[in-house]
Amino acid sequence: MPNPAYQSRLEFALDAAEQARTLILKYYQNQELAVDSKKDNTPVTEADRGAELLIRELLARSFPDDGILGEEFPETPGKNNFRWILDPIDGTKSFVHGVPLFGCLIGLEEVGEDGERNCVMGVCGFPALDEVVYAAKGSGAWWKIKSADPIPAKVSSVDNLEEACFCTTNVARWEQLGLGKPYHTLCNRVQLTRGWGDCFGHMLVATGRAEIMVDPVLSEWDAAALLPILEEAGGHFIDRDGKASIYSKNGISINAALKDQFLEIMNDR
């Protein structure tokens, strides 16, 4: 049986993502959009801040006891075991450049009785594409395109690297992290390598359109929504050591059949 606490929050998150979509699209491909630089030299816009504030305000009304961790504003401590993890625009550089592959990420983390943190729900909306991929633990993963009915999101069954599509966000980061050898091995082995980055690449894996997506560097707000979606879609969201975690500062989405082959390549540095 689906967990009622997860389901109610999933319904909320889908509605919040749609409201954020309306706000974000007011700024999309707007030539007057102001772009600021944060301390880490990554871009941020009024759309990023506005969308996160909107979701935070909606959460304060609907789930006031839940905690909130977001990319753009300080953390709000919670009074229960739930914490929302938000990335209002994942792929701000794509957004700023007018590329439609950015997403709005809403994840939910639950702290168990053993103190372990578990990502139990995720929504990944693509405002400019009018698509959303979402999942709650135990309820499967789903993919909704525009006004069509949702369909199951499932990873592919490809089990041969030579037939796989491999995506990554930032090629330069591989070399900077000493991962040049596995990167070139993958490129030479797979059928197709593409730079479909950020959450879009991960959702390509979740919906069976790609087999491997690697983010050499990412934060927990980039990852929290992805893990439950990939797992409910039959795949994995892991770090370079094969651990299912959103706190490893790197993340890989991969179908089940290629996981072991991939990790073998990643460990050959």
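Q: Contact means heavy atoms within 4.5 Å of each other. Which residues in H9 do Pro182, Thr185, Leu186 and Arg189 in H5 meet?
A: First, some ground rules: this is a predicted model, where local features need pLDDT of at least 70 and side-chain atom pairs need pLDDT 80 or more, while totals for chains, interfaces and linings use all residues. Residues are numbered from 1 along each chain as its sequence is written, and side-chain values use heavy atoms, leaving out hydrogens and water. Helices (H or I, at least four residues) and strands (E, at least two) are DSSP runs numbered from the N terminus. With that settled, the four H5 residues meet Gln261, Phe262, Ile265 and Met266.

Q: How many nonpolar residues does the contact of H5 with H9 have?
A: Sort the residues by class: Ala, Val, Leu, Ile, Met, Phe, Trp, Tyr, Cys and Pro are nonpolar, Asp, Glu, Lys and Arg are charged, and the others, Gly among them, are polar. Two residues here are polar and one is charged, while the nonpolar count is five.

Q: Which strands are at the edges of the five-strand sheet?
A: Strands pair if DSSP finds at least two bridges between them. This open sheet runs S11-S10-S12-S14-S13, with mixed pairing.

Q: In S14, what is the bridge partner of Phe237?
A: S13 and S14 (residues 251-254) run antiparallel and are joined by three bridges. Look in S14 for the partner of Phe237, and you'll find Ser253.

Q: At about what angle does H6 run to S12?
A: H6 (residues 198-206) lies across S10, S12, S13 and S14. Its angle to S12 is about 155 degrees.

Q: In the seven-strand sheet, which strands are at the edges?
A: Follow the order of this open, mixed sheet: S3-S4-S5-S6-S7-S8-S9. The strands that pair on one side only are S3 (67-70) and S9 (151-152).

Q: In S9, what is the bridge partner of Trp143?
A: S8 (residues 141-145) and S9 run antiparallel, with two bridges joining them. The partner of Trp143 is Ile151.

Conventions: Axes fitted to C-alpha atoms, helices over the stretch in contact; angles between N-to-C directions.
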